[in-house]
Amino acid sequence: MALLGFDRICVQQFETVLLYRNGRFEKALNPGPHRIRTGSRQLARIDLRPEVFRFKQGTVSADRFALNLIYVVRTQIIDPRVSLESTQNYRDEVCMRLQSVVKAVCNRKSRLEIQMDHQTFSNSVQKAASQVFRSIGCECLTFELMQVDVAGLAVELDNRRAGVAVHAPVAVGEKGAFAAM
């Protein structure tokens with residue numbers, strides 16, 4: 001039987017629906033059937049299932065080695081309202097913040113620490129990421145460092161990118177490449 005002036009809303013087991021009236025938060029609807037008054041209302045469905053992200057990221061260790069990391073992270077929304085209201089796209093925010101956390105942790109650890117002890121590195125990143133994610137209503141459930149490749153010393157890579165090559169000194173009386181132009 002339908003009630004006049006009310007809509008029936010069914011919230012799935014894996015989601016929360018946020019109810020706004022006239023642009024203001026009213027309440028969060030938990031899983032199950034609900035009847036809500038029609039009128040100037042907006043509904044936002046928030047999926048609470050964990051999400052998996054896979055990253056390839058270049059970074060620099062504390063001992064100045066350029067590293068290429070491959071890692072997987074599982075995140076989950078723990079506060080749907082904060083997640084919706086704090087950022088336009090929480091997934092982009094998670095990605096940006098996670099890459100910053102990984103970079104910061106790498107800057108405090110040596111290449112060997114990162115390569116040889118994946119578990120300690122992963123635990124450090126997971127703990128730091130969870131703290132950073134709280135402000136956007138999320139949590140880092142797991143972080144797993146899958147692969148670490150050494151790309152070389154960071155200074156050597158910077159020189160290669162800039163096109164600086166090491167040349168033998170020009171003897172007195174010889175013309176260098178630029179002098180001949």
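User: Which residues do ring pairs link into a cluster?

Analyst: This is a predicted model, and a search of the whole structure finds five aromatic pairs in it. Ring pairs join several aromatic residues into a cluster, and its members are Phe 53, Phe 55, Tyr 71, Phe 121 and Phe 143.

User: Are the planes of Phe 121 and Phe 143 stacked, tilted or edge-to-face?

Analyst: A pair of aromatic rings is described by the distance of the centres and the angle of the planes. For Phe 121 and Phe 143 the centres are 6.2 Å apart and the planes stand at 65°. Planes over 60 degrees apart count as edge-to-face, so the pair of Phe 121 and Phe 143 is edge-to-face.

User: How many residues apart are Phe 121 and Phe 143?

Analyst: Both Phe 121 and Phe 143 are buried. Phe 121 belongs to helix 4 (residues 118–133), while Phe 143 belongs to strand 8 (residues 138–153).

User: Is Phe 25 buried, partly exposed or exposed?

Analyst: Phe 25 pairs edge-to-face with Tyr 20, their ring centres being 5.6 Å apart and their planes at 70°. Tyr 20 is buried, with a relative accessible area of 11%. Phe 25 has a relative accessible area of 26%, and is partly exposed.

User: Which residue has its charged end over the ring of Phe 14?

Analyst: Charged ends also sit over rings here, and over the ring of Phe 65 that of Arg 111 lies 4.7 Å from the centre. Over the ring of Phe 14, at 4.0 Å from its centre, sits the charged end of Arg 49.

Methods
Residues are numbered from 1 along each chain as its sequence is written. This is a predicted model: local features need pLDDT of at least 70, side-chain atom pairs count only at pLDDT 80 or more; totals for chains, interfaces and linings use all residues. Side-chain values use heavy atoms; hydrogens and water are left out. Rings of Phe, Tyr and Trp (its six-membered ring) pair if their centres lie within 6.5 Å; planes under 30 degrees apart count as stacked, over 60 as edge-to-face and the rest as tilted. Buried means under 20% relative accessible area, exposed over 50%, partly exposed in between (1.4 Å probe, protein chains only). Helices (H or I, at least four residues) and strands (E, at least two) are DSSP runs, numbered from the N terminus. A charge sits over a ring if NZ of Lys or CZ of Arg is within 6 Å of the ring centre and within 35 degrees of the ring normal.
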